[in-house]
Amino acid sequence: MEAEIIQQMMHLGLSSYEAKCYLACIRLGKTTGYQISKVSTVPRARIYDTLDKLIEKEIVSKIDEAEQVYYIALPYETFIERKRHEYDATMNNLQTNLNNIDTVTPEDIIIKTYQNKDDIILKIKDIIQNAHNAIYISLWPGTLCNIETILNENDITIKGIIFSDKHALNNKNKNNQIYIHRHTSYTESIENKQWFIIINDQGEMIYGSDFNINTQAYYSIDPQQIYLMQNFIWHDILVNQLVEKNPDADEWIEIKRDAFFLNKSEHNKS
């Protein structure tokens, strides 16, 4: 039991020697350093400096009496009540301080909405700076021109596709894989459906309307959403590479798209 009591006191901030000395003082009442050392097994060479530390903590009192020094322990009930009060005060202060900082709530993990352009750009900057090695992008001109400087300032690999052949992205990083999306009747006709995507390699993503259309974006750290968006970017790159090798495939893709989304017959186009 004694070993357990000492361990519990150590959890409350006492050292092993301090806990042993205090326990000995409780048992002995008004006593001398010699007796405390004997009962506590704390070495004589360490007993007085240990008692001095307990006096500083106001756990033990020192009394000079008839050329003899005695020590008296703070009643353990008072000691426990004091520690309980200190613990409660610390926990209350911690809760107050934590309440005053920005934290990610469970709702934010799935999706958080931004509707101010400056806030969106700041979040994009955070996501890019939080990347360790790489980011994945799909960018239309309105968003691209607003974050080119941020992209160029960070020494990370950029992988993805952009819908503009006029850009200022540098190619200093030999690992960059930046593809320019081909011009098609489809890309020219979706003016209000142009979306950007930015994902870092630390599991953060922001996506939303191109800045030329609207200022609304969504932040997520949900791995399923990120997986889908990463594969969307890769699918877009893959289709562009396939069409580059076979330009006639563009017409075939258009027919297939209309048949799937618009319920048009594949035989209506030649």
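**Ground rules.** I am working with a predicted model, in which local features need pLDDT of at least 70 and side-chain atom pairs count only at pLDDT 80 or more, while totals for chains, interfaces and linings use all residues. I number residues from 1 along each chain as its sequence is written, and side-chain values use heavy atoms, with hydrogens and water left out.

**Overall form.** I looked up the secondary structure and found 11 helices and 9 strands, taken as DSSP runs (helices H or I, at least four residues; strands E, at least two) and numbered from the N terminus. The radius of gyration is 35 Å, whereas a compact globule of 270 residues would have one near 18 Å; this value is taken over C-alpha atoms, and the globule rule is 2.2 Å times the number of residues to the power 0.38. Along the principal axes, the C-alpha atoms fill a box of roughly 115 × 40 × 35 Å. I noted that 37% of the 270 residues are buried (under 20% relative accessible area, 1.4 Å probe, protein chains only).

**Helices α2 and α3.** I then turned to α2 (residues 16-28) and α3 (residues 33-40), whose axes come within 9 Å and cross at roughly 110 degrees, the axes being lines fitted to C-alpha atoms over the stretch in contact and the angles running from 0 to 180 degrees between N-to-C directions. That makes α2 roughly perpendicular to α3 (65 to 115 degrees). The contact (heavy atoms within 4.5 Å) involves Lys20, Cys21, Ala24, Cys25 and Leu28 of α2, and Gln35, Ile36, Val39 and Ser40 of α3.

Note on methods: Parallel < 35°, antiparallel > 145°, perpendicular 65-115°, else oblique. Buried < 20%, exposed > 50% of the residue type's maximum accessible area, 1.4 Å probe, protein only.
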